[in-house]
Amino acid sequence: MTNGETPAARASDVLVAGSGLAGLAAALGLARAGFDVVLSGAGERTGRGRTVALLDRSVAFLDSLGLWTRLRAEAGPLRSLRLIDDTGTLFPPRPVEFHAAEIGLDAFGWNIENDRMAETLAAEVGRAPGVERVASGVAAYDFTADAVRARLEDGRTISARLAIGADGRDSKARRAAGLDARIHAYGQSALTAFLAHRLPHHDFSTEFHTRGGPFTLVPLPASAAAPNRSSLVWVMADEDARRREALDNEALAEEIERQARSLLGAMRIEGERGIFPMTRQIVPRIIAGRLALVGDAAHVFPPIGAQGLNLGLRDVEAIIACAVEARDASRDIGGAAALSAYERDRRPDIVLRTGVVDGLNRALLTHFAPVDFARGAALATLSAIGPLRRFVMRQGLGPQTARRRAKSSTPGSPPAAATPSRPR
């Protein structure tokens with residue numbers, strides 16, 4: 001800016017608002033697909049014992065972006081899943097085990113610390129041609145028929161044909177577009193921590209179903225200080241969370257070991273632990289004029305079943321595919337047709353996953369004998385019937401992608417591997 005004049009808006013194909021995991025992945029994927037991208041917002045670091053279990057389809061998407069080799073070195077495989085009923089029912093079902101090898105996979109997914117994944121994504125975004133990263137967030141939006149114009153907190157203006165709202169559950173982009181969000185508080189909190197333990201986990205993710213909610217131990221790779229490590233997500237009533245938050249690390253580790261039935265031996269807490277309130281947030285419409293919401297801006301639900309970020313990455317994969325499809329057909333990437341295609345692609349998956357996670361959590365909290373019986377019968381059936389068990393495992397990994405043959409590339413166009421196919 002010179003002589004007090006306001007600079008012209010920086011024109012781009014896509015503005016991605018939000019530099020969390022979903023925003024970083026969206027910016028990188030869109031740039032890999034050949035779009036000019038501005039990524040707005042300061043880097044986010046969640047820490048406090050938080051990890052993400054990347055399921056098979058998320059791994060495939062990250063691999064298509066050239067990221068998986070680096071991420072895998074920081075991740076622990078989830079080759080088996082064990083469910084244990086610890087609700088105190090009169091006739092508890094036997095533990096149920098699921099093994100990835102049953103459905104032809106090396107692992108259901110890979111567990112990685114949030115901050116390590118963010119660091120890897122941010123470094124790759126910093127090297128990627130086609131992405132300009134701006135630390136300032138968006139102060140205000142102006143959605144018009146031909147473009148979205150965003151005024152940043154540092155005074156700059158960005159003009160784009162498409163805006164991606166990846167700015168979290170309190171999304172400013174969503175509010176600016178007038179999109180509603182329905183929020184439900186469960187009266188529960190999730191305690192998260194990294195644990196070192198005496199016994200090996202053997203690549204098992206173990207989930208205890210308790211009356212307060214799931215207690216889940218997920219494998220982490222060994223470190224220089226500890227050969228056996230896991231992450232913990234312990235869902236409990238708010239009053240129990242407040243009591244445990246006040247405990248020192250040694251006392252809390254003893255409670256964790258008792259809840260885990262000493263399955264992994266003595267525990268030690270590594271680094272910070274976290275307490276996060278449990279909410280469900282439903283966004284009835286995830287698009288508006290020139291805007292598509294992804295990740296927590298589009299849906300929030302409890303950290304159960306490793307669905308959160310995996311659902312967000314499927315959002316990212318879908319909006320990239322819809323934008324590529326519109327561009328290849330010489331249509332507007334931020335127009336009504338492209339955005340409607342994105343909404344149609346994502347709505348069934350979001351509704352299904354939200355309902356399943358909410359239903360499981362409520363079933364655990366319900367002290368009602370018929371519900372307990374039905375839950376126990378379902379687990380026993382899964383344990384006994386192999387084809388049904390394998391079907392449930394495949395469904396738990398998320399909808400499969402209908403791979404489409406890549407179209408012929410023109411000089412300078414992105415490689416086929418960087419262009420996700422649209423989910424069907």
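Tutor: In this model, which is predicted, the contact to begin with is the one where Leu-21, Leu-24, Leu-28 and Arg-32 of helix H1 meet Asn-114, Met-117, Ala-118, Leu-121, Ala-122, Glu-124 and Val-125 of helix H4. The residues of this contact divide into 8 nonpolar, 1 polar and 2 charged. Helix H1 covers residues 21-32 and helix H4 residues 114-127, and the two pack at an angle of about 30°, with their axes 10 Å apart. Because angles under 35 degrees count as roughly parallel, H1 is described as roughly parallel to H4. The crossing in which H1 passes H4 is left-handed.

Turning to the sheet, its 8 strands form an open arrangement in the order S6-S5-S13-S14-S15-S12-S16-S19, and their pairing is mixed. Strand S6 (96-99) and strand S19 (299-300) stand at the edges, and since each has a single partner strand, one side of each is left without a neighbour in the sheet.

Another helix, H7 (residues 249-259), lies across strand S12 (182-197), strand S13 (204-210), strand S14 (213-220), strand S15 (229-237) and strand S16 (267-282). The direction of H7 is at about 70° to that of S16.

Notes:
Residues numbered from 1 in each chain as written. Predicted model: local features only at pLDDT ≥ 70, side-chain atom pairs only at ≥ 80, totals over all residues. Heavy atoms only, no water. Pairing = 2+ DSSP bridges. Helix = DSSP H or I, 4+ residues; strand = E, 2+ residues; numbered from the N terminus. Contact = heavy atoms within 4.5 Å. Axes fitted to C-alpha atoms, helices over the stretch in contact; angles between N-to-C directions. Parallel < 35°, antiparallel > 145°, perpendicular 65-115°, else oblique. Left-handed = near helix turned anticlockwise from the far one by under 90°. Nonpolar A, V, L, I, M, F, W, Y, C, P; charged D, E, K, R; others polar.
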